Amino acid sequence: MIDWAWLADHVPALLYRTGQHLYLAAIAVVVGLAISFALGVVAARRRRLYPPFALVAGLVYTIPSLALFAALVPIVGLSVLTAEIPLVLYTLVILFRNVVAGFDAVPAEVREAADAMSYASTSRLLRVELPLAVPLILAGVRVATVSTIGLVTITATLGDAFGGLGFFIYEGARRSFPTEIYAGAIPTILLALALDRLFVGVQGRLTPWARRRPDGAVPG
Amino acid sequence: MNIIAETAAWLSDPASWAGPNGIPVRFAEHVGISLASLLIALAIALPAGLYVGHTRRGTGVAVGIANVGRAVPSLALIGLVLPITQALDPANGFSLYPTIFAMVVLAIPPVLVNADAGIRGVDGEIVQAARGMGLTERQVLGRIEVPLALPVVLGGVRSATVQVIATTTLGAIFALGGLGRFIVDGIAQNDDGMLFGGVVLVGTLAMAAEGILAALQRRASAASSGPPGRAADRGVAGPPLPDIAPYG
């Protein structure tokens, strides 16, 4: 059932696609985190802005990923942007909520104490509130990263230049060639699981004071 | 403007609604796959989540299953299962099972985590009072914990439903059924009207499901928390944040 010769021939291609997968995912998460952080800081202070942001995020998440990638092609053409715009939008759905929830989790007394110690607004944000918001923000980054690894596979529908490991799943399906499907599917699954474990480790390292939530309810 | 006109033209073309590739057939496939997957996932995850939440036993296993289920990309999962179901059942294996299998895996984590978290979040004193009044454990769960946890539990069902409806489209990449076919075929045939028509149909279905379940959740919320406007309703998103993540 498995064509080992094909696999042996395609080791460089597999490595290249793995790299592409990580690269496409990393851009999306980093850009998404930067945007979410900016929006989240604003929304955590101006509460009235939260509902419209949350509404837009909720709408994005009802759009199927396959549709969003495909829909962008006639509008923005075919480039890395076509892949990254939806990937970033989907990370916003997760990250924005978690950034806001993270800042909300900072006790009011802590903020008042910081004010009393005459922290300026920016340094209070960065040196007092941010460290306390880290556990929830990191939980969001973890979910966003793993979700993005899955979504990158869908970019294969945009063309051969995209898709990361999803390229093999897509091409294998077109050629009805199980070996190639597996060559894409199994490493994708392992990649997602490995990154999930990695972030659990990072969470433990960065927030030794925060015991892991026993129920594992991720954001919140 | 051009795209909107093309989409409207495709949606209003009688040919789009006829035949084995027509909107009604694909719509029924999409709803059927989504519904079957959700029912299977509910049958597995709801009792499991309620059990774990009530007894506090097996939490580690539940968290582990939820994390793995959340991490596994759906497209990869469909690809993984496809050759197997094809070999086992050449007649039907190709059309339904791979997508349903992947969608069950997708739907289990939010239902499981929210059922557990909802039950766990019920005020311990209320549960103790119920026990003190002589309720059996089963009655405590059925009469006290489940009604109070219902908004959170439904929140899990809601995110699972929307995720499943949106993600069922992926089956189309493997030429499986569902509304995703219009998207994939639209790309392949360079037919923007069909492509965006498919997008509109899936989006409408997902939003309709989201609207219905959100309304149910609000009703459950009003019933379980007394007069509206309490802290939980004013909070950012209520505890806990719904477990949402778009999946590939």
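I count two residues as in contact if their C-beta atoms, placed from the backbone, lie within 7 Å. On that basis, 52 residues of chain B are in contact with 50 residues of chain A. I sorted the side of chain B that touches chain A by class: 36 nonpolar, 10 polar and six charged residues. (Ala, Val, Leu, Ile, Met, Phe, Trp, Tyr, Cys and Pro count as nonpolar, Asp, Glu, Lys and Arg as charged, and the others, Gly among them, as polar.) H9(B) gives the largest share of that side, 10 residues.

This is a predicted model; local features need pLDDT of at least 70, side-chain atom pairs count only at pLDDT 80 or more, and totals for chains, interfaces and linings use all residues. Residues are numbered from 1 along each chain as its sequence is written, while chains are lettered from A and ligands numbered from 1 in the order in which they are written.

Next I checked confidence. The predictor gives the complex an ipTM of 0.81 and a pTM of 0.83. Chain B averages a pLDDT (the predictor's confidence in each residue, from 0 to 100) of 84. Over residues 227–244 of chain B the pLDDT is below 50. Where pLDDT is low, the predicted coordinates should not be read in detail.

Last, I looked at a helix pair. Helices are DSSP runs (H or I, at least four residues), numbered from the N terminus. The axes of H7 (residues 137–167) and H9 (residues 192–224) of chain B come within 8 Å and cross at roughly 175°. That makes H7(B) roughly antiparallel (over 145 degrees, on a scale from 0 to 180 between N-to-C directions) to H9(B).

Technical notes: Helices (H or I, at least four residues) and strands (E, at least two) are DSSP runs, numbered from the N terminus. Angles under 35 degrees count as roughly parallel, over 145 as roughly antiparallel, 65 to 115 as roughly perpendicular and the rest as oblique.
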